[in-house]
Amino acid sequence: TEQKLLKAEALNVVGELAAGVAHEIRNPLTSLKGFVQLIQNQTDEFDQYLTIILTEVDRIEHIIKEFLVLSKSNSQNFMMSSVTDIINDTVDLLNTQAIMKNIEIKKDLEDQIPLVFCDPMQLKQVFINFLKNAIEASAVGDCVEINMKLSRNKDFLHVQIRDYGCGMDETVMKKIGKPFFTTKDEGTGLGLMVSTNIIKHHNGRLDVKSKKGKGTMFTITIPIH
Ligand code: ADP
Ligand code: MG
C-alpha cells in the first residue's frame, strides 16, 4: 500500500504539471492562430503554408485538450451514482458519431443495478474513450455492444465494450495505455492511459481480449462498495 500511495502521489504530480503546462501553452497558441488567420485575410501569398500552420496548431490544441482531461482525472468527485444513467448518457453522446458510420450501438444493461460510489464524470470519460475507440476500429455498418452486469455475489460491476472491427495484434496490445501510443493518423494515444488511471482510482480492473481482424472486447470491473 505504501507503494500504491507513492504511485497515486506521482500521478497527482504528473496531473498537476500537465494542467499547468497545458494552460501555459494554450494562450500563446490562441494568439498564434489569430495572427496567422490575420495574415491569411490580408494576402493570398503563402496560403498553403499558412493552412499547414493552422492545421498543426489545431493538432497541438487537440493534444492539450486531452492532457487537461488527464489532469482532471486527478481531482476526484466521488458520489453515489447510477452507472446505468452514465452509460445511457454516453451512448446518447456518441450516437451521432456512430450514425455517421452507420454503426448501431447495442446496449444490454441488467436492471436493478445498485448505485455505485464513483466519480460519474470520470466514469463517463472512460466509457466515451472505449466507445470512441470501438467506433473508430469498426467498419461501416458494423455494430458495437455495451453490456453491464453484476457479478454473481453482487459486489462487482462488469461493463463490457465489444466491437467487431480491426482488432489488435500482440505488439499493439502490449503498448496500449502507454502515453502517446497510437496507430491512428489523428490519434493522441492518451485515451487508454487516462481511462486506465481512472479505473485504478476506482480500485477497478481492466481486461482486454482482441484478435487481429476479428474485433476487441474490453471489460471494466469496478467494486460496488
Ligand atoms: P487513440 O485512440 O488516440 O489512438 P487510445 O489510447 O484511445 O489513443 O488508443 C491507443 C491505441 O490502441 C489505438 O491507436 C489503437 O491502435 C488501439 N486500440 C484501442 N482500442 C481499440 C479497439 N477497440 N480496436 C482496435 N484497436 C484499438
Ligand atoms: Mg482513443
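The structure is a predicted model, in which local features need pLDDT of at least 70 and side-chain atom pairs count only at pLDDT 80 or more, while totals for chains, interfaces and linings use all residues. Residues are numbered from 1 along each chain as its sequence is written, and chains are lettered from A and ligands numbered from 1 in the order in which they are written.

The protein contains 6 helices and 7 strands, where helices (H or I, at least four residues) and strands (E, at least two) are DSSP runs numbered from the N terminus. Along the sequence these elements follow the pattern α-α-β-α-β-β-α-β-β-α-α-β-β, and the C-alpha trace spans about 70 × 45 × 35 Å along its principal axes. Of the 225 residues, 23% are buried; a residue is buried if 20 or more other C-beta atoms, placed from the backbone, lie within 10 Å of its own, exposed if 12 or fewer, and partly exposed in between.

Ligand 1 is surrounded by 22 residues, the closest being Ala137, Thr182, Gly187, Gly191 and Leu192, with a residue taken as near when its C-beta atom, placed from the backbone, lies within 6 Å. Two or more residues of this shell are given by α4 (120–137) and by α6 (191–201), and the largest share, 4 residues, comes from α4.

Helix α4 has 18 residues and reaches 26 Å from its first C-alpha to its last, close to the 26 Å expected at 1.5 Å a residue, the expected span being 1.5 Å times one less than the number of residues. Among the buried residues of α4 are Gln122, Val126, Phe130 and Ala137.

The axes of α4 and α6 come within 9 Å and cross at roughly 145°, where axes are lines fitted to C-alpha atoms over the stretch in contact and angles run from 0 to 180 degrees between N-to-C directions. Residues of α4 including Gln125, Asn129 and Lys132 meet residues of α6 including Leu192, Ser195 and Ile199, a contact requiring C-beta atoms, placed from the backbone, within 7 Å.

Most residues other than glycine have a negative phi. Phe180, in the loop between α5 (170–175) and α6, has a positive phi near 70°, and Phe180 counts as exposed because it has 11 C-beta neighbours inside 10 Å. Asn203, in the loop between α6 and β6 (205–211), likewise has a positive phi, of about 55°, and is exposed because 11 other C-beta atoms lie within 10 Å.

Definitions and conventions:
Contact = placed C-beta atoms within 7 Å.
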